[in-house]
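This report describes selected features of the model shown below. It is meant to be read alongside the sequence and coordinates.

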Amino acid sequence: MINREKILAIIGVALLLGTFSVSLLKVARRAVDQRDPSIRVIRIAHWQLEDGASTAIDAVAREYERLHPGVRIEQLRIPERVYPNWVTTQLVGGTAPDLIQIGKGIDSERSARYFRAITDEVLLPNPYNRGTPLEGMPWRDTYVDGMIGGFDDALQDYYGAPLFMATVRMYANLGLLRQVTGSTELPRSLDELLALSDRVEEHARRTGRAIVPIAGSKYNAPILIERLFRSTTQRFALELSTSRQMTIGPDLLALGLLREDWSLRSEPIQAGLTLASDIGRRMQPGFLHLAREDATFLFQQGRALFIATGSWDATTLIQGSSFRIGVFDLPAPSPQHPEYGRFVLGRHSEASVRSYGPFGITRTSAHPELALDFMRFITSAPYNQLFADKSGWLPVITGVKPSPAIAPFAPVFEGYPDGFFLNMGPDTLRVVENNLHILFSPAAGVEQFTAAAEAPLRRAARGDLARTLRIRNNQIGRADLVVSAEEILLGLHPDDAASARRAHGQHERQFTSEIHHAHLSGALESIR
Amino acid sequence: MPHPIPCRLAALLLFTTLATPPGASAREPGSPDEAWRLMAGLRFSEARAIFPARADAPDLDRLGRALSLLGAQPKTESNINQAEQILADLASGATDPDVVVRAALLHARIPHVHRQSTDWTEAARRYLAVYEAHPEHPLGQRALVRHGIVTLFRPMPPEEFASLFESYLAVSAALDHPDALRDLNWLLASVHERRLFDPAATLRHLEVLLAGSSPIREITRLGLLVQAGELARELGDPAKAARYYREFLATTIRDSRVYFIRQRLAEMEASS
């Protein structure tokens, strides 16, 4: 008689052999396809492993294959954590797929070296828009953001066609909400959210259930905390922005801190910290040490009422949860708020939300024209609609309707410029992160955080500025070579409009960067 | 009877010569044209392999060689010194006048942006020398604007700055190339904004900058329009502010400032 151990061993060996055979078949199939001249294979790699994106790319790919016999589209889904290493190996080794999502691990230098610029192509109409309201329009202009997500500013050329766009919102477990409040009415203001969170805690105490108001992690918590903080610094940002461009960048913010234009004790900053503390204390204990998956798991298990994350998680959360989900805007105090209103302009605008993660055509692609054609196909009005319907992600093409589930994520244009957070570079971010636990500790709070972080933050701001200056100096030096080359090419080919555009653009970037660099250098020296 | 193979080769050579359009060879792989394209695409080492290292190479190729040495990784003092020497030689001895000025300008940029740390004084001296030697050339005028960048933000007592600024304004008044004028007004607006905290003077230079004929990228122009509108509003000139706000709103809808500016404009129109 066969005992239990033997059965398990047989099953194990069978599984191993099965897996090996499947792998062998896949590899063999690829080798056969590569030798088969009647099949042209386009391989497309990306890191969007969230539910929806891959399924949608597959759906559009099957449509493309149906309309283009002899073509096969293969998708390579690479985990985000290993993507930079994987992509480096593939590019350097000359084995890169035809289309690669540009971003993690791919900077401008790599784009220039390993990818084809598609500027000429984006200025031409997308043939797959024939018969739609976008017919005849340059491909670039069919994007809701003018395809800015595919433009490389350092190279002044388009290097890819983006497929994705995202906003962030709060997700609510409507089943749990009903259990706690007796209704599924979502909070409409910050105060309602805080009050509701208190009711969840009270409900947990009363029933003994292990539930928390908000699922937090080192990935999800900053989304919410920074949102609140940026709302209380909206008016302050206008005040600190000497450029009057309604925004203040990290360099000038750091300089302002060193010049004592502001400090952690400034009123709007204290307000932001108080709000951050209030919201952080409604997350599960130890959330700062937890990963994104932990928060998602907690929410999907029904042990947290809310979670803050992006539209990219919508399909994962909606399809992977056994309860109905409601979506609402991230909370922020309104200008009428009795305590925080005076620091706030109003709901932040999402008019600047851009498409991201463009797919670039690698120089080693055996079928660059086909790869380009597929990108045109998937970003045409009819097939981007298919992509949006299947993925549940926000569409990037004008006129394409988001799926009903994603409608609450549509960018809100009626809003105000954002304020700032305390992140002015890696050093300041580290100081903030290392001290955040004090802010959320029941035994400490805003005053203790301020006292602990005040001096280190100033030192870190100086460190961040010094690093920025070094990096900028290198970039300006490198730009010297590019600007000179573009200008010399323009001299050799005076009628080349693309050369003229790049030469002007490169010169302007370099020039404004030099002014900024000289100003920061001088100002930093004078603060010593 | 001639041998058929040499005949065919000669015919092929003749055909190739006739069929090749003039200048096409410049775009072939390994040509200087290709090397400049590689350099423009940040592929410095590949460009360096094409530009000859010979001292008797054409001026433009030697310029390319110097630039590719500046871009070579890892960055070494030896490469920078070598590039500096080539640029100095070209600035004093090249036959092409454009190469002379460009080499002189790049030579001035070495202490500014190519060394480990910036030598502001030496960069300023070299920039001024380039301008003085080539005051009519667009790149000579560019050098004077660069001279302003490396001097006008340095820490110094207010009276010393006032005197420096006055003499810079006097010298730079001679600039007349549209691109140099654009850059000069940009620089002066920045000095008034960041160092002198003078909104009226900042706006004055921004107005010249925005009205100029030299191109400004849309993304940059949008920021400048907001800045000019805000400054005009603060300075009590709502009509001027409204003009800049309207131009901003006519240029974009995808900017997080659109709604706020629309509101500002409506408030101004309601109160006028």
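## Basis

The model is predicted. Local features are reported where pLDDT is at least 70, whereas totals for chains and interfaces use all residues.

## A four-stranded sheet in chain A

Chain A contains an open sheet of four strands with mixed pairing, ordered S7-S8-S6-S9. The edge positions are taken by S7 (212–215) and S9 (325–328) of chain A; each has a single partner strand, so one side of each has no neighbour in the sheet. On average, and ignoring direction, neighbouring strands are turned by 25° against each other.

Strand S6 (residues 168–173) of chain A is joined to S9(A) by four bridges, and the two strands run antiparallel. Across from Asn173(A) stands Ile325(A) in S9(A). Helix H12 (residues 292–300) of chain A lies across S6, S7 and strand S8 (304–310) of chain A. The direction of H12(A) is at about 135° to S8(A).

Helix H15 of chain A spans residues 381–391. Its buried residues are Ala381(A), Tyr383(A), Asn384(A), Phe387(A), Ala388(A) and Ser391(A). Just after H15(A) comes Gly392(A), with a positive phi of about 70°.

Val60(A) belongs to helix H2 (residues 53–67) of chain A. Is Val60(A) buried or exposed? Val60(A) has 23 C-beta neighbours inside 10 Å and therefore counts as buried, the cut-off being 20 or more. Neighbours within four places in sequence aside, Val60(A) is in contact with Ile378(A), Tyr383(A), Leu386(A) and Phe387(A).

## His437(A)

His437(A) sits in helix H16 (residues 426–440) of chain A. Because 14 C-beta neighbours lie inside 10 Å, His437(A) counts as partly exposed. From His437(A) to Phe287(A) the C-alpha distance is 9.6 Å, while the two residues are 150 residues apart in sequence.

## Contact between chains A and B

How many residues of chain B are in contact with chain A? The count is 46 residues of chain B, in contact with 46 residues of chain A. Several helices of chain B each supply at least two residues of the side that touches chain A. They are H2 (32–40), H4 (59–71), H6 (97–114), H8 (138–152), H10 (178–194), H12 (218–234) and H14 (258–271) of chain B. By class, this side of chain B has 22 nonpolar, 15 charged and nine polar residues.

The axes of H17 (residues 446–492) of chain A and H4(B) come within 9 Å and cross at roughly 150°. This angle makes H17(A) roughly antiparallel to H4(B), since angles over 145 degrees count as such. The crossing in which H17(A) passes H4(B) is left-handed. On the side of H17(A) the contact is made by Arg478(A), Leu481(A) and Ser484(A); on the side of H4(B) it is made by Leu67(B), Leu70(B) and Gly71(B). By class, the residues of the contact of H17(A) with H4(B) are three nonpolar, two polar and one charged.

Technical notes:
Residues are numbered from 1 along each chain as its sequence is written. Chains are lettered from A and ligands numbered from 1 in the order in which they are written. This is a predicted model: local features need pLDDT of at least 70, side-chain atom pairs count only at pLDDT 80 or more; totals for chains, interfaces and linings use all residues. A residue is buried if 20 or more other C-beta atoms lie within 10 Å of its own, exposed if 12 or fewer, and partly exposed in between; C-beta atoms are placed from the backbone. Two strands pair if DSSP finds at least two bridges between them. Axes are lines fitted to C-alpha atoms, for helices over the stretch in contact, and angles run from 0 to 180 degrees between N-to-C directions. Two residues are in contact if their C-beta atoms, placed from the backbone, lie within 7 Å. Ala, Val, Leu, Ile, Met, Phe, Trp, Tyr, Cys and Pro count as nonpolar, Asp, Glu, Lys and Arg as charged, and the others, Gly among them, as polar. Angles under 35 degrees count as roughly parallel, over 145 as roughly antiparallel, 65 to 115 as roughly perpendicular and the rest as oblique. A crossing is left-handed if the near helix is turned anticlockwise from the far one by less than a right angle, and right-handed if clockwise.
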